[in-house]
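Dear colleague,

I am passing on the structure below, with notes on what turned up when I went through it. Please look it over when you have time.

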Amino acid sequence: LQSATAASNYQIETFSVTLTNPYIPDHDIPVYVYYPKATNSTDKFATIVFAHGFGCDASYYPWVYQNIVPLGYIVAYIDSFTGSSVNQTLYAIDQRYTLQWLYSAVNTDKSSPLYQRIDTTRALAAGHSEGGGCCIAATGSTYVDALFKHRYKFNSVFALSPCGDPGTATEAANIESNVSVFIFTASKDCICPSPDAHHIYNEIG
């Protein structure tokens with residue numbers, strides 16, 4: 001997901017919002033958006049939608065936006081499922097819906113600080129732990145893809161120590177061949193064991 005901009009010292013701006021997917025009206029999606037402060041009217045930025053890990057929330061990962069946004073990327077944290085109960089499919093829907101919102105609302109709203117600044121051809125699904133499994137599902141689940149009518153797709157995946165429900169490996173097998181996937185795991189991870197990450201990776205076609 002190479003940045004299309006040459007600069008590497010953008011200042012960081014931010015805003016937050018709580019989204020409601022109209023198809024799941026009783027479920028809120030808190031979103032924190034961090035973006036580069038553009039100095040001209042032509043720069044467009046790729047998008048990273050990040051899903052936190054089990055038992056965590058978005059505040060655990062400030063290093064992501066602090067290091068990535070200055071390089072010319074938009075980083076959106078989804079902050080749903082911060083408790084002890086996670087529905088991976090719904091979490092993946094949250095991630096995909098956030099991308100839809102960025103593309104179809106934020107990028108087209110003239111009052112938005114990101115009006116016409118989002119590169120709608122480049123998006124990365126990223127996440128840690130349960131969020132890593134989430135980004136696999138957001139990209140590879142045929143059910144999730146059908147909900148969005150095969151639109152608002154991620155074309156890259158970055159999963160940090162991914163874990164998830166038993167279907168995660170199956171969803172990995174459905175990731176399209178033109179999607180770049182990077183999976184990072186640790187041999188001494190006792191929460192999301194490395195063999196699980198290897199199994200997910202090996203299923204990718």
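Beyond its neighbours within four places in sequence, V31 is in contact with F15, S16, V17, L19, A76, Y77, I78, T98 and W101. Bear in mind that this is a predicted model.

V31 and V33 have the most contacts inside the largest nonpolar core, which has 45 residues. At least two residues of this core come from each of β2 (28-36), β3 (45-51), β4 (73-78), α2 (88-106), β5 (118-128), α3 (130-140), β6 (156-160) and α6 (194-203). The largest share, 10 residues, is supplied by α2. Another core, of 16 residues, lies apart from it; A46, V75, L124 and L160 are among its members.

On α2 itself: 15 of its 19 residues are buried, so the helix is largely enclosed by the rest of the structure. Its end C-alpha atoms are 25 Å apart, which agrees with the 27 Å that 19 residues should span at 1.5 Å a residue. At the start of α2, a side-chain oxygen of N87 comes to within 3.1 Å of the backbone nitrogen of T89.

The sheet is open, with 7 strands in the order β1-β2-β4-β3-β5-β6-β7 and mixed pairing. β1 (12-20) and β7 (180-184) are the edge strands, each pairing on one side only. From one strand to the next the twist averages 20°. The pairing of β3 with β4 is parallel, over 6 bridges, and V49 has A76 in β4 as its bridge partner.

- α2 touches β1, β2, β3, β4 and β5, and its direction makes about 155° with that of β5.
- α3 touches β3, β5 and β6, at about 140° to the direction of β5.

Regards

Methods: Residues are numbered from 1 along each chain as its sequence is written. This is a predicted model: local features need pLDDT of at least 70, side-chain atom pairs count only at pLDDT 80 or more; totals for chains, interfaces and linings use all residues. Side-chain values use heavy atoms; hydrogens and water are left out. A nonpolar core is a set of buried Ala, Val, Leu, Ile, Met, Phe, Trp, Tyr and Cys residues joined through side-chain atoms within 4.5 Å. Buried means under 20% relative accessible area, exposed over 50%, partly exposed in between (1.4 Å probe, protein chains only). Helices (H or I, at least four residues) and strands (E, at least two) are DSSP runs, numbered from the N terminus. Contact means heavy atoms within 4.5 Å. The expected span of a helix is 1.5 Å times one less than its number of residues. A polar contact is a pair of N or O atoms within 3.5 Å; within protein, one must be able to donate a hydrogen and the other to accept it, and residues adjacent in sequence count only if both atoms are side-chain atoms. Two strands pair if DSSP finds at least two bridges between them. Axes are lines fitted to C-alpha atoms, for helices over the stretch in contact, and angles run from 0 to 180 degrees between N-to-C directions.
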